[in-house]
Amino acid sequence: ISQGVRSAAHAEVDRTDPQHHTLILRDAAQDEFLRFWWDGNDQRIHHGREADDRGAVVQTPVTRFQLDTLTRLVDIQLVELRAGDGQLVRMASAAALYNREPEP
């Protein structure tokens with residue numbers, strides 16, 4: 001996810017599902033080049049474009065995927081996974097948008 005964010009000029013979060021957000025990454029022309037979303041069929045985070053599912057990012061089921069965006073940052077607020085032994089694992093991170101044009 002971080003590598004995709006670093007390549008982006010713009011990012012947006014779709015919060016239609018409050019537990020499982022979708023991250024949409026765009027280039028400087030505002031064209032979507034990558035997205036990350038929770039797939040309810042296998043309960044994993046997938047990546048690709050809207051009509052091009054490139055598969056799961058990791059093979060661990062995800063119970064929550066929540067994000068936010070700031071001007072030059074994607075805040076991965078919560079990725080909650082269920083480990084193989086059943087234990088709940090929570091992670092958070094952030095990644096910068098390196099290709100964002102400077103504000104005037």
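**Entry 1: around Asp31**

I looked up Asp31 and found that it touches Leu25 and Arg26, not counting residues up to four places away in sequence; touching, or contact, means heavy atoms within 4.5 Å. A reminder to myself: this is a predicted model, where local features need pLDDT of at least 70, side-chain atom pairs count only at pLDDT 80 or more, and totals for chains, interfaces and linings use all residues. Residues are numbered from 1 along each chain as its sequence is written, and side-chain values use heavy atoms, with hydrogens and water left out.

Asp31 sits in the loop between β2 and β3; strands here are DSSP runs of E with at least two residues, numbered from the N terminus. I also checked Asp31 against His10: they are 21 residues apart in sequence and 9.4 Å apart in space, C-alpha to C-alpha. Asp31 is partly exposed, at 45% relative accessibility (buried is under 20% relative accessible area, exposed is over 50%, and partly exposed is in between, with a 1.4 Å probe and protein chains only).

**Entry 2: Glu32**

Next I went to Glu32, which is in strand β3. Which side chain does the side chain of Glu32 make a polar contact with? I found Arg35, at 2.9 Å. A polar contact is a pair of N or O atoms within 3.5 Å; within protein, one must be able to donate a hydrogen and the other to accept it, and residues adjacent in sequence count only if both atoms are side-chain atoms. Leaving aside neighbours within four places in sequence, Glu32 is in contact with residues including Ile24, Leu25 and Gly48.

Most residues other than glycine have a negative phi. I noted Gln30, though, with a positive phi near 70°. Gln30 is in the loop between β2 (22–26) and β3 (32–39), and it is partly exposed, with a relative accessible area of 40%.

Gln43 also has a positive phi, near 60°. I found Gln43 in the loop between β3 and β4 (44–49), partly exposed with a relative accessible area of 42%.

**Entry 3: who lines the pocket**

Last, I looked at the lining of the largest pocket. There are 13 lining residues, and Ile1, Phe65, Ile76, Val79 and Met91 lie nearest the centre. On a 1 Å grid over the protein atoms alone, a pocket is an open set of points where a 1.4 Å probe fits, with protein on both sides within 12 Å along at least five of seven lines; lining residues have an atom within 4 Å of a point. β6 (62–70), β7 (73–82) and β8 (88–96) each supply at least two residues of this lining.

Methods. Helices (H or I, at least four residues) and strands (E, at least two) are DSSP runs, numbered from the N terminus.
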